[in-house]
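Keep the sequence and the 3D view open while you read.

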Amino acid sequence: IVGKENLIFTNIKKAEEKKKLETLGSVEQKSVKELNLKSVCILDPAASKTLEPTDKPEFDYLLFGGILGDWPPQQRTKKELSSKIDAERRNLGAEQMSTNTAVYVAKKIMDGKRFSEFVFIEELIIPIEDGEEISLPFRFVVEHGKPVLAKGYVEFVKKQDVF
C-alpha cells in the first residue's frame, strides 16, 4: 500500500519475525518511543481531530499502533503511545479498523481523499464451511461494492488458529 521504503516496523525482537517483515519494510528492534522520530502523527481513535489531506506537509511519519481487539475499546493507543510520545494525534474515525485498513485509509487521505468520502462496512463476515464463519467486528473500506482487502487476507484469516 505504501511501499517498502515508506514502512518501518518497530519493537521487533524475534529474529524469525524480523526476517518475515524485512520483505515488507525496514525493521527496528527498538520501540518507536526510542527512535526520536520528528514530525510524527499518532493515529489514535481517541484523538479529537480527523486526519485530513491538508495535514500532509505537517507530518513525516504516521504512527499506527496495531492495538486491536478489545470490545469495548480500551483506548490502548492513547495509553501506550499518545501519552508517552510527544506528537500530534489524528483519528480515522472512532471505529476500530484493522491495521491494513487504517494504513490504506491514511494513504488515500495523504493522496488527497477526504475521510468523509470513504464508504465502510462495520463488520467483515468470512464464510469457512457449511454453517461456520469468522466475524471480524472492525471497520473495512468498501470500493466498487466489495471490501478492500490485502491479497491473500481471507486465506490468511481462515488459517489462523483462534482456539
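Strands pair here if DSSP finds at least two bridges between them, while helices (H or I, at least four residues) and strands (E, at least two) are DSSP runs numbered from the N terminus.

Two notes on reading the numbers: residues are numbered from 1 along each chain as its sequence is written. Because the model is predicted, local features need pLDDT of at least 70 and side-chain atom pairs count only at pLDDT 80 or more, whereas totals for chains, interfaces and linings use all residues, and side-chain values use heavy atoms, with hydrogens and water left out.

**The antiparallel sheet**

- Strand S9 (residues 140-143) runs antiparallel to S10, and two bridges join them.
- Val142 has Pro147 of S10 standing opposite.

**The parallel sheet**

- Another open sheet has three strands in the order S4-S3-S5, with parallel pairing.
- S4 and S5 are its edge strands, each pairing on one side only.
- From one strand to the next, the twist averages 30°.
- Four bridges pair S3 with S4 in the parallel sense.
- Ile42 has Leu63 in S4 as its bridge partner.
- H3 packs on this sheet too, touching S3 and S4, and its direction makes about 160° with that of S4.

**A closer look at H3**

- The twelve residues of H3 should span 16 Å at 1.5 Å a residue, and the end C-alpha atoms are 16 Å apart, which agrees; the expected span is 1.5 Å times one less than the number of residues.
- Which residues of H3 are buried? They are Thr101, Ala102, Val103, Tyr104, Val105, Ala106, Ile109 and Met110; buried means under 20% relative accessible area, exposed over 50%, and partly exposed in between (1.4 Å probe, protein chains only).
- An α-helix has 3.6 residues a turn, so residues three or four places apart point the same way.
- The buried residues of H3 pack against S3, S4, S6 and S9.

**Salt bridges**

- How many salt bridges does the structure hold? There are eight, where a salt bridge is a side-chain nitrogen of Lys or Arg within 4 Å of a carboxyl oxygen of Asp or Glu.
- Asp55 forms one with Arg90, and their closest N and O atoms are 3.1 Å apart.
- Asp55 lies in the loop between strand S3 (40-43) and strand S4 (61-64), and Arg90 lies in strand S5 (residues 88-90), so this pair ties together parts that are 35 residues apart in sequence.
- Asp55 and Arg90 are both buried.
- Glu88 also forms a salt bridge with Arg90, with the closest N and O atoms 3.0 Å apart.
- Glu88 counts as partly exposed at 40% relative accessibility, whereas Arg90 is buried with a relative accessible area of 2%.
- Lys107 forms a salt bridge with Asp111, the closest N and O atoms being 2.8 Å apart.
- Lys107 is partly exposed, with a relative accessible area of 29%.

- Asn11 is not a glycine, yet its phi is near 60°.
- Asn11 is found in the loop between strand S1 (8-9) and helix H1 (15-21), and at 43% relative accessibility it counts as partly exposed.
- Ser39, another residue that is not a glycine, has a positive phi of about 55°.
- Ser39 is found in the loop between strand S2 (26-27) and S3.

**The whole protein**

- The secondary structure comes to four helices and ten strands.
- Buried residues make up 31% of the 163 residues.

How values were computed: Contact = heavy atoms within 4.5 Å. Axes fitted to C-alpha atoms, helices over the stretch in contact; angles between N-to-C directions.
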